[in-house]
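Dear colleague,

Please open it first, and then read the notes below with the structure beside you.

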Amino acid sequence: MVQPLTGDGDAADEPGALPLELTRFIGRRRDLALARHALERSRLVTLTGTGGVGKTRLAFRLAREVSRAFADGVHVVALADVQDPALLGHTVNTAVGIRETSAQWQLDTLVEHLRDRQVLLVLDNCEHLVSATAALADALLRACSGLTVLATSREALNVAGEAVVPVPPLSTPDPDEALTAAAVAQSEAVTLFADRAAAAVPGFEVTAANRRPVVELCRLLDGIPLAIELAAVRLRVLPLPELLSRMGDRYRLLTQGSRTAPARHQTLRASIDWTYDLCSPAERLIWSRLSVFSGGFGLDAAEAVASGGEIERAAVLDLMAALLDKSVLSRVADAREPRYQMLETIRQYGGERLAEAESAELDRRHREWFVTLAEHADADWSGPRQAEWLERLRWEHANLRAALNSCLAHDGQAGLRLAWSVENYWLARGFLSEGRHWLGQLLDAAPEPTVDRGRALRLAAWLAILQGDHDVVPALLEEGERIAAATGDAQLAVFVAQTWGLLALFSGDLEFAIERLEESVAAFAELGHRTGEIHSMFEAGLALSLAGESERASAWHVRCQETTAPIGEAWWRSFSLWAFGVEKWRQNDYAAAAELERESLRLKRPLEDQLGHSVCLEAMSWIAASEGDAERAARLLGAADALLRKVGLALEGIPRMWVYHLKGEGDARRRATEGAFRSAYASGAAMSVDAAVAYALGEGEPAPAPEPEREPLSRREQEVSELVAKGMTNREIASMLVISVRTAEKHVDNILSKLGLSNRTQLAAHVATRG
């Protein structure tokens, strides 16, 4: 399905979505035409040019214009904040909507997902990952005939068949022609300057009186958008003639360059040099120090990390205000607390100005700040600030990655502490695979048998359980048990015991699960660990419900509500409401079940709990099916399945829950025609998370369900379908076709997804009806 290209303020936060155009797109008609032509004749197009020249904006505009040509949508992979090449594949998976079930990224998974789809994949800002990006693009293009890749980079990927489209600066009036109003109006650079100047100084216009200095200014800036925007903002403090006089000759095009520093990059650097020269020594120093942050920062972090020596903590705010005035910094408008960011080019420039010794010290301060932030988030979790913490950690995701990278190099134990302290963030935002990635790296880097290692082992086990990767769990928990015994840490021992219970719950050993989880409630309560106590309450209630012990299950859920409501805890309370709703559904009390699920969703909404949203939507589809509303059930099921794939939760890894899924789907299918079911399912799967939640809560009806677009099966998928219809297991199919078991599993998953089916039984019936 085509990826939504516009939406509300959260659209840009959805992985893979094209962000909204917040400012006017000016000019670039010729560049758009060239890029579009290149896209028509090549399946790999790279827009190259210096930082700040407008590659990303041009790529996004081009993607919008050609989106209709790609039946399966446009997916944007933002790479500016991805520093570790090992995360490239995970980041692409998230953008295209793959549910990851392993911490180890596998090319085959992505290939099978894209093999028969018509997709435009936009790889944005990949110059710092150019080798890894080139290898991935080459592999995907060779294997996926319907795939087209549009990349932005400061250098070409140098892949066979690549069409390279240089993105030049904006046009300026021809100096050999008369400077008429018409000629000025046709200049892209002048139009951009006028637009941004009017935003900085309301009422500014290009007139006959100022036309010549405006054109001269744009020429001196070589039509580079970033330089023009920085200059336009200076009109707040300098009149145009003074602004022009300060340019001098410092923006002349430099003729000496290299592969890593092209001439246009030197020109852009000159524009930043000019801004840098306008700063006081203290402003320059704070600029350089703030460059240690990745993806932005809060005022508290800036004061803690960037102060010291010549800069007192109390002076940081005023210095940042000065940088805001000079457009070195910008304020993030929609953050809950004061937050600031730098353009990546400006941030890199500041980093280059740091001395090596100071850079190392700032890296240490940055690392320690975010480890401490994570510790505070964990300690303060079971209270009224959960939504605030999840939002804060979402804003800090790039900084968390930077800190984890730094920990890998300098302090693995601190990295383990950071990784396990943000457990609930990994869960709520659906970053299960990324969490496992960091834990795996850090566990290798820090083998010492510390409590932090034990907690990290336990979290790695929990994430693996959620992804259905149960085979790796016992070894992780056994080592955690040994560390708990050796260190005498009672809290770690209870966490490990609880996770054994969770493994049993997800594996279907409900008697053992109930015993361990109920014991964990008491043990955590004795230790005063409120989060562990509440989590265990909810899981104990769920285990009892799945075991058919309704009265005991209900008692645990009531106890969980009574414990959490007075302290403002919403996370585990909402999960308990979800599980309680499933229990009421099992008892055929559909009205009570639906209200419990709605209450759960209302609690989860401010948390932006994507994991929780997915299971609530799933349960509400079962309720709708039982009530006989097949269209609503199918639509909710489609929304739930799409979100489950996104967050990577393996619902089929919980045997009893999977039975409920099959029952709900079966009830809906029996009450609707195949075409109606698939149409409603497709409509639900195409919804944004916000739209799906609103629909589930009865706040609005969705757009009319589109006709289902069934993708044809590949030759290999048809072959696998026939073998499934014969009753063969994945292992037997793998042996017959001489492929890995995992590849066979992926083939089956892709077939079910393409056909709108949920299980092998339905697939066998489908093959039989098709002859």
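Predicted model: local features only at pLDDT ≥ 70, side-chain atom pairs only at ≥ 80, totals over all residues.

**What was found**

Helix H2 itself runs over residues 55–66, and its twelve residues reach 16 Å from the first C-alpha to the last, close to the 16 Å expected at 1.5 Å a residue.

**The protein as a whole**

The protein has 38 helices and eight strands. Its radius of gyration is 28 Å, close to the 28 Å that the globule rule gives for 771 residues, and it is therefore as compact as a globular protein of that length. Along the principal axes, the C-alpha atoms fill a box of roughly 85 × 65 × 50 Å. Of the 771 residues, 57% are buried, and among the contacts between residues at least 6 apart in sequence, 72% join residues at least 24 apart.

**The nonpolar cores**

Which residues have the most contacts inside the largest nonpolar core? That core has 171 residues, and the ones with the most contacts inside it are Leu-121, Leu-147, Trp-287, Leu-290, Met-320 and Trp-578. Helix H22 (residues 451–466) gives the most to this core, with ten residues. Another core, of 25 residues, lies apart from it and has Leu-179, Val-184, Val-190 and Phe-204 among its members.

Ser-288 belongs to helix H12 (residues 281–290), and it counts as buried because its relative accessibility is 3%, where the cut-off for buried is under 20%. With residues up to four places away in sequence again left out, Ser-288 touches Tyr-276, Gly-350, Arg-353 and Leu-354.

**Aromatic rings**

How many aromatic pairs does a search of the whole structure find? It finds 22. In one of them, the rings of Phe-193 and Phe-204 have their centres 5.9 Å apart and their planes at 80°, so this pair is edge-to-face. Phe-193 is in helix H7 (residues 188–200), while Phe-204 is in the loop between H7 and helix H8 (211–220), and the two residues, eleven apart, link distant parts of the chain. Both Phe-193 and Phe-204 are buried.

Trp-585 and Trp-622 make a tilted pair, with 5.3 Å from centre to centre and 40° between the planes. Because Trp-585 lies in helix H28 (residues 571–586) and Trp-622 in helix H30 (residues 610–626), this pair ties together parts that are 37 residues apart in sequence. Trp-585 and Trp-622 are both buried.

A cluster of aromatic residues is formed by Trp-381, Phe-538, Trp-571, Trp-572, Phe-575 and Trp-578. Trp-578 was also named above, among the residues with the most contacts inside the largest nonpolar core.

Arg-455 is worth a separate look, since its charged end sits over the ring of Trp-420, 3.9 Å from the ring centre. The charged end of Arg-455 also sits over the ring of Phe-495, at 4.0 Å from the centre of that ring.

Helix H18 (residues 397–410) has 14 residues and reaches 20 Å from its first C-alpha to its last, close to the 20 Å expected at 1.5 Å a residue. The residues of H18 that are buried include His-397, Asn-399, Arg-401, Leu-404 and Cys-407.

Asn-125 is not a glycine, and yet it has a positive phi of about 65°; you will find Asn-125 in the loop between E3 and helix H5 (130–143). Asn-588, also not a glycine, has a positive phi of about 65° and is found in the loop between H28 and helix H29 (590–604). Is Asn-588 buried or exposed? With a relative accessibility of 54%, Asn-588 counts as exposed.

With best wishes

Methods
Residues numbered from 1 in each chain as written. Heavy atoms only, no water. Phe/Tyr/Trp six-rings, centres within 6.5 Å; stacked < 30°, edge-to-face > 60°. Helix = DSSP H or I, 4+ residues; strand = E, 2+ residues; numbered from the N terminus. Buried < 20%, exposed > 50% of the residue type's maximum accessible area, 1.4 Å probe, protein only. Lys NZ or Arg CZ within 6 Å of the ring centre and 35° of its normal. Core = buried A, V, L, I, M, F, W, Y, C linked by side-chain atoms within 4.5 Å. Expected span 1.5 Å × (residues − 1). Contact = heavy atoms within 4.5 Å. Rg over C-alpha atoms; globule rule 2.2 N^0.38 Å.
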